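Dear colleague,

Please read it with the model open beside you.

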Amino acid sequence: MSILEVQALKKTYTTRMGSNQVEALKNVSFSVEEGEYVAIMGESGSGKTTLLNILAALDRPTGGSVRLDGQELSAIRESKIAAFRRDRLGFVFQDFNLLDTFSIEDNIFLPLVLAGKTPQEMKKRLEPIAAQLGITSILKKYPYEVSGGQKQRTAVARALITHPRLILADEPTGALDSRATDDLLGLFEKINHSGQTILMVTHSVKAASHAGRVLFIKDGVVFHQLYRGQESDAQLYQRISDTLTLLTTGGER
Amino acid sequence: MKIGFYPKLAWMGIRRNSQLYTPYLLTCIGMVTMSYIVSFLANSPLLDPLSGSSVMKEFLRIGFVVFSVFALIFLFYTNSFLIRRRKKELGLYNILGMGKKHLALVLLWEAAMMGAISLAGGVFCGITLSKFSELVLMNLLKEDIDFTLRLSGTAITQTLGLFAVIFGLIFLNTLRQLHVTSPVALLHSEDFGEKPPKTNWPMALAGALLLAAAYWIAVSIQDPVSAILWFMIAVIMVIIATYLLFIAGSVAICRILQKNKRYYYKTNHFVSVSSMIYRMRRNGAGLASICILCTMVLVTLSSTTCLYLGAEDSLRQSYPRNIYLDLSVERDQEDAVTIQQQIQQYAQKVVEQAGTNLFNELSYSAVSYRGKLENGELTLQNSLYNSADYNQLYDVMVVPLEDYNRLMGTQETLEPGQALLYLGKDSNYTGESIQLEDGESLQIVKKVDGFADYQMDRALMRPVIYLFVEDFDAVTEPMLSVLDENGAPMTDLHWYYGFDLEASEQQQIGIYQQIQDWVLENGYSAKCQSVAEERSVFYGLYGGLFFLGILFGIVFIFAAVLIIYYKQVSEGYEDRARFEILRKVGMTGREIRQSINSQVLTVFFLPLLTAGVHLGFAFPLIYKVLSVFGLINLSLLLAVTVGCYLIFALFYILVYRITSGSYYKIVSGPKETL
């Protein structure tokens, strides 16, 4: 069964003066199955971030529908949306979005605290995740004391701790060096193998080549998609770059 | 073209940062205005003919000095906020190719423009408001007013001079800051990582202990005059303790709360507590300053208000009747009674001639006597200070029972050798009998609750005992016969005479002068007093204090408000990113607003509440100090203190609303782009 179903999604921005209309998303449709690892690729301005914001219920679409677990996002009342986001979705951002006033541990606890969980339960949930992500030793430290890779792993832990149905990652490797990038992508694969559904937006070919399926967005529509099948990362990497070349040199539609 | 470049750049800088510059500019204008007004009044010719003018002007002059120092410190402080926010922009200019010399030039233009606007605006407002403040002052002094607008050249020069120096110093400080930072540091000066604050337990504990000790001293001081040293120590301890507690104590409390997992991991505590640690580390000192400022304002305002409002009370205590006369008669003067009658008759005549009548007459004889009270035995003391034990000194007033009965409307009777006792303030004599010099021991039959004339009791700092006796002459004889080393009697027989008048102050003074002159002409040794005459001196003192209290209250309030405003605004920029993250992670808008609210509320009202507690503990002390000034109206003081606090709080809340409004706007606004 599909976890996420996006149907004919449309988002139009009106410029400040109200005269020009910009279509960020024209007609986007796709679905994500349980346990899938999907990467969405596209250039800057292709509508990736808009799409992600709508999927995260941070923004409302102009038209079309988004169903998460069969639940229509636009039907959720404003007051419930934060709780919905907290319970069903996990986020990993490019710039980590950790709060520098919290220790690593408290940063991870944040969504649980918002959900009203007890300290004991939070502790119980944290232990296996921290061990899996290799951050047990830095739990008491503060964000400014740890490396970029460790910060991103903290963010992943924060996303995982609510056991979300779907993890949304926005350029998760964007601010990491190549070693930390490899670490993180390996981590994502591991998480995915354990059954976690991941949707990642990126324009890094390397990051996308770890996914099971790659969607390409151009000018507000899903332009193409690739399935990994039985291919290795390197083979998928090659196919992705070929597709991107095609996209940028303006191949036929 | 080139000439206009720097001024233009400077002007643009001011305009673009108007959110920061407008409050600063308003403060500068306000400070200049205040300075002009104080200086104007200190030099006002209108005050000269008043009897209280020298006291008043001295206050104003001292006020001007205090004000200057305050203005310097305060403007320095607020300006540092501005520089911190501007550094990024200046760094950009620097990277775009402007040398530090050019930047200095831009800053010079900026300083010049700001200075010119503040001075022009301030002096203009000052001139406009000076008449108003003059009217307020004259009204407070209970003097007549006129409506001519005056300009004071001295005041303008003084003000311009003062602020030229202050602005100059501030500009030099800006240059110094610019000089010591590199362009990259200028660009990034706003966002450097912050270490989490460590709890400084010794500091927090020391603060708590100091505060407790200071409160204990404040509450246990009995006599504020002899304990003035302890009083100063207590004040200094409170100040230090406030700083320690705000800086270290607040972090310690947050840490303790964090340790308590059940409390800490709750939605509405989680974010607030952890942010408060950082907030308090950064703002502890500032909030402590605000707290002390508030306390000072409140103490000053409430005590000066109370003194002023209670002025009539204390006047009445010190001068029990409109006209009051103290005649001393030598022991062997036979015609004492005749003189008394003559004076009474003459007073009656003068009052009748003035076309009015006197009432509330007060007249009694007494022998007043200062001595050392030991084992129920009172010995005359020649001088106050050669006495070994100051605490045993008492003033005794021996009054005929006949006079007591007449004045109090009672029918007490006594045998010879018996006495009624009235204890004035601070005296707590518990003996059953009392012996005056080598006279017969007087048995105390009864303690009474009061006497018609408290004048002695109020005027003296020492405890006073009143004794009412049947055989006045026999009892006082041993006292009157004590001679000093020159062979003159050490104490005299006094006759006190006073009455109220249904007359204007002018008339009262006229009557008083006539009686005074007549008494002197006849060679009587009498001291005559008129409330009307004393009132203007009294109001010069109390009204002046009150006026300065209000003036400084306003200045301090503005200072406190502005500090808080800048704190909130600069924090708003930092908090924006934080709340954006919280929103993404799944905090609802309502929860975010609640969290903001609780933090802003804490930052805002912690100083006010602490100031309230300080004021509460200072209250007994204020009461005792004021009673030295003759003000013993506890309920008035209580009402005024609470009233001042409430008015202050009201004003504070108003500012809070404005400030938190602009804070929300910043926090919920789009990310800053530069």
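Over all chains the count comes to 31 aromatic pairs, where rings of Phe, Tyr and Trp (its six-membered ring) pair if their centres lie within 6.5 Å, and planes under 30 degrees apart count as stacked, over 60 as edge-to-face and the rest as tilted. One of them is edge-to-face and joins Phe109(A) to Tyr265(B), with 5.3 Å centre to centre and 90 degrees between the planes. This pair crosses between chains, since Phe109(A) belongs to helix α3 (residues 104-115) of chain A, while Tyr265(B) sits in the loop between α9 (261-264) and α10 of chain B; helices here are DSSP runs of H or I with at least four residues, numbered from the N terminus. Phe109(A) is buried, its relative accessible area being 2%, and Tyr265(B) is buried too, at 5%, where buried means under 20% relative accessible area (1.4 Å probe, protein chains only).

Please keep in mind that this is a predicted model, in which local features need pLDDT of at least 70 and side-chain atom pairs count only at pLDDT 80 or more, whereas totals for chains, interfaces and linings use all residues. Residues are numbered from 1 along each chain as its sequence is written, chains are lettered from A and ligands numbered from 1 in the order in which they are written, and side-chain values use heavy atoms, with hydrogens and water left out.

A further pair, Tyr308(B) and Phe546(B), is stacked, because the ring centres are 4.8 Å apart and the planes stand at 10 degrees. Tyr308(B) lies in helix α10 of chain B and Phe546(B) in helix α17 of chain B, so this pair ties together parts that are 238 residues apart in sequence. Both Tyr308(B) and Phe546(B) are buried.

Now to the second largest pocket, which holds about 1200 Å³ of space. A pocket, found on a 1 Å grid over the protein atoms alone with a 1.4 Å probe, is an open set of points with protein on both sides within 12 Å along at least five of seven lines, and lining residues have an atom within 4 Å of a point. The lining has 42 residues, and those nearest the centre are Phe231(B), Met296(B), Val299(B), Thr300(B) and Ser303(B). Helix α10(B), which also carries Tyr308(B), gives the most to this lining, with ten residues.

Note on methods: Points joined across faces, edges and corners; volume = space filled by probe spheres on them. Helix = DSSP H or I, 4+ residues; strand = E, 2+ residues; numbered from the N terminus. Buried < 20%, exposed > 50% of the residue type's maximum accessible area, 1.4 Å probe, protein only.
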